[in-house]
Amino acid sequence: MSETDIFVGRCIYCGGPGETDEHIIPHALGGKHILHKASCEKCRSITSQWERNPIKENWVEARAALDYPSRHTNFDKEIFPLEVVLRDGTKTVLNLKREETFGLASFLEYPLPAFFGGPNNEKGALVTGAMLIGFGPNSKAVAGKYGIKEISFTTSHKGTHFERMVIKIAYCAAVATWGLGCFEEDYALPVIIGTKNNVSFLMGCDPLGKIIPLIGKVGGDNCINVGVYRKKGDDKIMLLSG
Ligand SMILES: [Zn+2]
């Protein structure tokens, strides 16, 4: 998706007044695509709460390493503590600067969405695993400099917040691509505004590549792919975003 700049003029979540701009990918993750005047203040306060845990709590280090913007934090003045065991067996905490941070971020893994035959959970998400990725450009050099043998990392995922943020990004991408009137039946909206919890119906991973090849592999930084999908014997066309 190239840089998007679309005027909407009403809330894409409740149909109310379009009071604030909506970034398709959150600004704090480097998102530049904007739906102008596309959310009311009330819906904004609901949707922004899903972003706090992943973006402001779990991914601060990674955002600093990747040079993503922050409205409230100057990453150059921040210290990033890292629990380590040194080669001589000493346990300590290193207070690293931005340019030395390992940029650690944890990501959860999920089964296929229930719509595509994965397991359903009416009450939330189903998690099958987790992975830790380091975005720091100099991790090996820093590990050598300080003599680091092991690192210790703690993260806390608040239930369904990250998942709802992802669903919101997908919904915004669909609105940007096909317009607000493109949904005959909207599965995502109740989850985004918090009136339904069946996250696992909509959102998941595709470890065997069963569905994603239909809409192309995601590649590069901040890339969203959107596409359509029709189940065999079903008239419904589903909008997909990956
Ligand atoms: Zn609204």
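Helices (H or I, at least four residues) and strands (E, at least two) are DSSP runs, numbered from the N terminus. This is a predicted model, where local features need pLDDT of at least 70, side-chain atom pairs count only at pLDDT 80 or more, and totals for chains, interfaces and linings use all residues. Residues are numbered from 1 along each chain as its sequence is written, and side-chain values use heavy atoms, with hydrogens and water left out.

**Zinc site**
- The zinc ion has the protein donors Cys11 (SG), Cys14 (SG), Cys40 (SG) and Cys43 (SG), at 2.3 to 2.4 Å.
- Donors are N, O and S atoms within 2.8 Å of the metal (3.2 Å for Na, K and Ca).
- The donor residues follow the spacing C-x2-C-x25-C-x2-C.
- Cys14 and Cys43 link distant parts of the chain, 29 residues apart.
- Cys14 lies in the loop between strand S1 (5-7) and strand S2 (20-23), and Cys43 in helix H1 (residues 41-58).
- Cys43 is buried at 6% relative accessible area, while Cys14 is partly exposed at 48%.
- Buried means under 20% relative accessible area, exposed over 50%, partly exposed in between (1.4 Å probe, protein chains only).

**Helix H4**
- In H4, 14 of the 18 residues are buried, so the helix is largely enclosed by the rest of the structure.
- Gly179 follows H4 and has a positive phi, near 90°.
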